[in-house]
Amino acid sequence: MTFNFAELSPDLILDAIESLGIRVDSGLLALNSYENRVYQFIAEDRARYVVKFYRPQRWSVEQLTEEHHFALELAEHEIPIVAPSHYRSQTLHQHQGYHFALYPSVGGRQFEVDNLDQLEWMGRFIGRIHAVAKNAPFQHRPTFCIQEHLIEPVAVLQENRIVPSQLEEAFFVILNQVVELTKQRYSPTKIIRLHGDCHPGNILWRDGPTFVDLDDCRMGPAIQDLWMMLSGDHQQQRIQLDTLIEAYEEFADFDSAELALIEPLRAMRMVHYMAWLAKRWQDPAFPQAFPWFADEKYWEQQILALKEQFSALQEPAIQLF
């Protein structure tokens, strides 16, 4: 099966859905997803569904199943998360080489990162997620680590030669400095199961938060599910972090030593994201969605961003009030 969904035609999608005994009454509405292919539709019973086709060759069946089990476990603890639906006694299905799952369609708006009341809600619910997550580790899902989020991405960027030649030297000099300093700074002492990609785009808000998309769930330090809630200047982030952690600790203990991992995790995300785009560039959807990735201006901005991140890595860790 091709890596870039070349064979995933509308007919194949409809056939896959109908193989579960569900007939599509509306057209398929493509939702905002690049790693996978996700579509919303209305069935004959007028119920709204979302079908998700996983990118081939990315996760094993065991890893996909573990993602589903985690979502269902959280839902059983009354945590508002969109979990896959059971059809024919299973949640993960296969059709002509593609793995897919069906979910209920849930509406809502993106939560407001600068709203302290909403941040307090987020802290409580992430605390509840982690209280469940600490009960057992993942057996098949990976861990946030230097190898996967720094060393391998640097190799991808070097091999793909996507950085403009006139900027290569400046880019890789600062990139390697960030990598070396991050390797020194990133040393988590405790890891748990995580949402893994808990940014505002994966939160729907309607009378409270609803978590979506556990596609990147893995093992890692608890702070990974919290730091992407932060925005604004240093003082604003301290206030936001204080709000998050105070609410978080109503349900789970937080080790303040993990605050020192925020900037290393930010650096890892920056480098991993650039390499992710480079690896997916063969997928026709990516040049179309991210045309700026091939522009010289983008790489000039990344050199500047890496320099700023190198400085941030040298600063003392953010502290709670």
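Residues are numbered from 1 along each chain as its sequence is written, and side-chain values use heavy atoms, with hydrogens and water left out. Because the model is predicted, local features need pLDDT of at least 70 and side-chain atom pairs count only at pLDDT 80 or more, while totals for chains, interfaces and linings use all residues.

Start with the sheet of 5 strands. This sheet is open, ordered β1-β2-β3-β5-β4, and its pairing is antiparallel. Strands here are DSSP runs of E with at least two residues, and helices are DSSP runs of H or I with at least four, numbered from the N terminus. Two strands pair if DSSP finds at least two bridges between them. At the edges are β1 (29-30) and β4 (93-95), each of which pairs on one side only. Strands β2 (residues 37-42) and β3 (residues 48-53) are joined by 6 bridges in the antiparallel sense.

Move on to β5 (98-104). Strand β3 pairs with β5 over 5 bridges, again antiparallel. Here K52 has A101 in β5 as its bridge partner. β5 is mostly covered, with 5 of its 7 residues buried. Buried means under 20% relative accessible area, exposed means over 50%, and partly exposed lies in between (1.4 Å probe, protein chains only). Helix α2 (residues 61-76) packs on this sheet and touches β3 and β5. Contact means heavy atoms within 4.5 Å. The direction of α2 makes about 5 degrees with that of β5. Such angles run from 0 to 180 degrees between N-to-C directions, with axes fitted to C-alpha atoms, for helices over the stretch in contact.

The loops around this sheet deserve a look. β4 and β5 run antiparallel and are joined by 3 bridges, and H95 has Y98 in β5 as its bridge partner. Their hairpin has 2 residues between the strands, and Q96 there takes a positive phi near 50 degrees. Q96 is a residue other than glycine. Q96 counts as exposed because its relative accessibility is 52%. S89, in the loop between α2 and β4, also has a positive phi, about 65 degrees, although S89 is not a glycine. With a relative accessible area of 73%, S89 is exposed. Q57 sits in the loop between β3 and α2. Its relative accessibility is 61%, so Q57 counts as exposed. Q57 and Y98 are 41 residues apart along the chain, with their C-alpha atoms separated by 9.7 Å.

Next comes an open sheet of 3 strands, in the order β6-β8-β9, with antiparallel pairing. Its edge strands are β6 (109-110) and β9 (209-211). Strand β8 (residues 203-205) pairs with β9 over 3 bridges in the antiparallel sense. L204 stands opposite T210 in β9. Helix α3 (residues 116-133) lies across β6, β8 and β9, at about 40 degrees to β9.

Now the interior. A nonpolar core is a set of buried Ala, Val, Leu, Ile, Met, Phe, Trp, Tyr and Cys residues joined through side-chain atoms within 4.5 Å. The largest one has 77 residues, and those touching the most other members are M122, L157, F171, L175, F211, I223 and W299. Helix α7 (residues 262-279) gives this core its largest share, 11 residues. A second, separate core of 19 residues includes A16, V24, F41 and L102. Leaving out residues up to four places away in sequence, M122 touches F111, I203, W205, P209, F211, M229 and L244.

Finish at Q237, in helix α6 (residues 234-248). Q237 counts as buried because its relative accessibility is 15%. Neighbours within four places in sequence aside, Q237 is in contact with L230, S231, G232, R266 and I318.
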